[in-house]
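Good morning, everyone. Please have the sequence and the model open. I will walk through one chain, part by part.

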Amino acid sequence: MEKVLIVEDEVHARSGLTELIESWGYRAECAADGMEGLEKAVAWAPAIIVTDLKMPRMDGMELLSRIGELPQRIAVVMLTAQGSIESAVDAMRMGAYDYIPKPVDPGRLKTILQNASRQREADAELESTGRQLRDTGVLGPMVGSSPQMVDIFAMIERIAPSNVSVLVTGESGTGKELVARALHDLSARRLKPFVAVNCAAIPETLIESEIFGHEKGAFTGALERRAGCFELAEEGTLLLDEIGEMPMATQAKLLRVLEDRKLRRLGSKIETPVDVRVVAATNKDPEKAVASGELRGDLYYRLNVFNIQMPPLRDHLMDVSAIAEKMIDDMNERHHCTVAGLKDSLMIRLEGYNWPGNVRELRNTIERAVILAGSGMLGIEHLPPHFGEPGFAPPPNRVAGVEAAVVAAAQAAQFEDGQRRLDESNSVRVEVGTTVDEAERQLILKTLVATHNNKTKAAEILGISSKTLQNKLKEYSNAAVTE
């Protein structure tokens, strides 16, 4: 039995609504004005509040605002007199669940209460599912169980329900847009539009029109009136990516919109109210951008109510496996493939790479591998040619000299945990006068012993391709037969 609180200053209307709602199976309480309604909302914790708009002491709009500050979620249904539809629309913008004009239509009120109850159940289920996913390292489209990502998930959950601006910083490809989408999906704006605009991709002459819109004839080529990104994101969320690339004049206009919550289209003399949550993102150090004059200081402080710093992938490599598995699921669906997962050899290679392109580069790598494989398990053979070489000095393809042979032998003995020292039994002893080819042969065979004949792992440790290793083994086998 859902709890419903009726807040109405007119006695007969209040008692009539209370009896009617109780007859539908709800537990109903009533209050004579907004002040009493707020007190009962705190003490009784109703699921739904049905409140009049005009009341003494505290009206319905102020009650709605105060209810929004409470920790529990309460659906507020506004009762409006004829001619107060504009106020009802304002209430909806402030977070009211619905409104109904007076005199109240019982059938419509009953439907609204039923829908509000179902919405609460759906929200509770969504919150429970979200909590379970977060416990396994998933938050919306984001994946990760490293300490860095756990902290970021906690921050997103904490600030998503509010309407404050957020600045997301980090290198290109770290997932800044995913943060913005998670903030949107976990907020009361989730059913409204999410609009993303890349400020760096829009020519300077067009950026104001794209963001704020324009009137017909505002400039050459403006053949019709056009809504900008702010209007397209009305009641939703607007992501301004690469905010540091926005021209200074446009930054000044953006600051005005953020402070006044009103915008003026190009060529218009009228200011239009907007209700949009703004999330900004940049791959630059914002404080350095302010110091260099690329970003207005007042705009930076206005956007930077909360700052979420996305770490580069190389700083949380333990998340690579989970991220890659999530990407495989996405790519299977997109490309109609049936890839089952990653081989251990590939996983080791991915976790050992520096990822200068961050998550975006990982996504491209996984997509290519899924398309090449089509099914089964992804392996090193599905990586791009020379994968990993641009980020660091690659090991030589051929062992040259006794010193290199000893170093590679040590790598073979350490492959399990990367820390153990080479002991006497696993060392390669090379006498003076031994040829390089013979030293190479001993090294390869000893490495295979250390890796329990895992040729993929041995090739990786030796810094040669699997094909080269196979050719070497075939060469040794043929030589043995000839002898």
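Let me start with a question: which residues of helix H18 (residues 455-462) are buried? They are Lys457, Ala458, Ala459, Ile461 and Leu462. Buried means under 20% relative accessible area, exposed means over 50%, and partly exposed lies in between, with a 1.4 Å probe and protein chains only.

Now the ground rules. This is a predicted model, so local features need pLDDT of at least 70, side-chain atom pairs count only at pLDDT 80 or more, and totals for chains, interfaces and linings use all residues. Residues are numbered from 1 along each chain as its sequence is written, and side-chain values use heavy atoms, with hydrogens and water left out.

The whole chain next. It has 19 helices and 16 strands. These are DSSP runs, numbered from the N terminus: helices are H or I with at least four residues, strands are E with at least two. Of the 483 residues, 43% count as buried. Take contacts between residues at least 6 apart in sequence: 67% of them join residues at least 24 apart. Contact means heavy atoms within 4.5 Å.

On to the sheet. Five strands form an open sheet, in the order S2-S1-S3-S4-S5, with parallel pairing. The edges are strand S2 (27-31) and strand S5 (98-101), each pairing on one side only. From one strand to the next, the twist averages 20°. Two strands pair if DSSP finds at least two bridges between them. Strand S1 (residues 3-7) and S2 run parallel, joined by five bridges. Val7 has Ala31 in S2 as its bridge partner.

Two helices lie across these strands. Helix H1 (residues 11-23) lies across S1, S2, strand S3 (48-52) and strand S4 (75-80), at about 170° to S2. Helix H3 (residues 60-67) lies across S1, S3 and S4, at about 175° to S4. For these angles, axes are lines fitted to C-alpha atoms, for helices over the stretch in contact, and angles run from 0 to 180 degrees between N-to-C directions.

Stay with S4. Leu79 sits in this strand. Why does Leu79 count as buried? Because its relative accessible area is 0%. Leaving aside neighbours within four places in sequence, Leu79 has contacts that include Leu17, Val50 and Ile100. Leu79 and Leu109 are 30 residues apart in sequence, and their C-alpha atoms are 10.0 Å apart.

Now the largest pocket. Its volume is about 1,800 Å³. Of its 45 lining residues, the closest to the centre are Met94, Gly95, Ala96, Ala188 and Arg189. H3, S4, helix H4 (85-93) and helix H5 (106-135) each supply at least two lining residues. H5 gives the most, with six.

How is a pocket defined? On a 1 Å grid over the protein atoms alone, it is an open set of points where a 1.4 Å probe fits, with protein on both sides within 12 Å along at least five of seven lines; lining residues have an atom within 4 Å of a point. Points are joined across faces, edges and corners, and a volume is the space filled by probe spheres set on them.

Last stop: His316, in the loop between strand S14 (306-309) and helix H13 (320-335). His316 is buried, at 5% relative accessibility. Its side chain makes a polar contact with the side chain of Asp319, at 2.8 Å. A polar contact is a pair of N or O atoms within 3.5 Å; within protein, one must be able to donate a hydrogen and the other to accept it, and residues adjacent in sequence count only if both atoms are side-chain atoms.
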